[in-house]
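Hi everyone, thanks for making the time today. I'd like to walk you through one model, so please take a look at it with me.

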Amino acid sequence: MRGLQVEDYSAVQREGALATVFTVDSQLIADGTYFVAIAEGGKVAGCGGWSFRKTLYGGDHQVEKIAPERLNPVVDAAKIRAIFVHPDYARKGLGG
């Protein structure tokens with residue numbers, strides 16, 4: 001966020017997003033739906049996951065964390081969550 005979004009958002013907007021939207025969502029880890037992409041040489045290239053929860057967006061500070069309801073797979077699609085790519089690997093398809 002601090003590196004890749006410099007041309008799109010002000011410093012205040014970036015820091016605001018880091019404090020509210022782009023935060024840790026340990027529910028994804030607990031659910032086993034969060035993954036880390038490791039590049040050759042062992043460097044973390046990116047990470048991300050998906051959720052079967054009804055939360056609008058993730059993060060441990062969300063109220064829904066207390067009792068996150070599950071989506072109904074018959075009518076609800078899973079939600080892509082918390083995709084982060086190291087700047088060295090940006091725009092190479094990793095987030096896709």
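Predicted model: local features only at pLDDT ≥ 70, side-chain atom pairs only at ≥ 80, totals over all residues.

Let me start with a question: how do the residues lining the largest pocket divide into nonpolar, polar and charged? The answer is 10 nonpolar, 4 polar and 2 charged.

Residues are numbered from 1 along each chain as its sequence is written, and side-chain values use heavy atoms, with hydrogens and water left out.

Back to the pocket. It holds about 270 Å³ of space, and 16 residues line it. Nearest its centre lie Leu 4, Gln 5, Ile 83, Phe 84 and Val 85. Points are joined across faces, edges and corners, and the volume is the space filled by probe spheres set on them.

Now the fold. The chain has 2 helices and 3 strands, and from the N terminus on they run α-α-β-β-β. These are DSSP runs, numbered from the N terminus: H or I of at least four residues for helices, E of at least two for strands. Of the 96 residues in the chain, 23% are buried; buried means under 20% relative accessible area, exposed over 50%, and partly exposed in between, with a 1.4 Å probe and protein chains only. Taking contacts with a separation of 6 or more, 55% of them come from residues 24 or more positions apart, a contact being heavy atoms within 4.5 Å.

The 3 strands form an open sheet in the order 1-2-3, with antiparallel pairing; two strands pair if DSSP finds at least two bridges between them. Strand 1 (34–38) and strand 3 stand at the edges with a single partner strand each, so one side of each has no neighbour in the sheet. On average, neighbouring strands here are turned by 15° against each other, direction ignored; the axes are lines fitted to C-alpha atoms.

Strand 1 and strand 2 are joined by 5 bridges, and Val 36 has Cys 47 in strand 2 as its bridge partner. Their hairpin has 5 residues between the strands, and there Gly 41 takes a positive phi near 95°. Strand 2 and strand 3 are also joined by 5 bridges. Here Gly 46 has Val 85 in strand 3 as its bridge partner, and Val 85 is also one of the residues nearest the pocket centre.

Which residues have a positive phi although they are not glycine? One is Ala 82, at about 50°, which sits in strand 3 and is partly exposed at 23% relative accessible area. Another is Arg 91, at about 60°. Arg 91 lies in the segment after strand 3 and is exposed at 71%. As background, most residues other than glycine have a negative phi.

Last stop: the loop between strand 2 (44–51) and strand 3 (79–85), where Ala 78 lies. Ala 78 is partly exposed at 48%. Leaving aside neighbours within four places in sequence, Ala 78 is in contact with Trp 50, Ser 51 and Leu 71. Trp 50 is 28 residues away in sequence but 6.6 Å in space, C-alpha to C-alpha.

Gly 59 is found in that loop too, and Gly 59 is buried, at 5%. With neighbours within four places again left aside, Gly 59 is in contact with Thr 23, Val 24 and Asp 25. Gly 59 and Val 24 are 35 residues apart in sequence and 5.2 Å apart in space, C-alpha to C-alpha.

Notes:
1 Å grid on protein atoms, 1.4 Å probe; cavity = no way out; pocket = protein on both sides within 12 Å on 5 of 7 lines; lining within 4 Å. Nonpolar A, V, L, I, M, F, W, Y, C, P; charged D, E, K, R; others polar. Axes fitted to C-alpha atoms, helices over the stretch in contact; angles between N-to-C directions.
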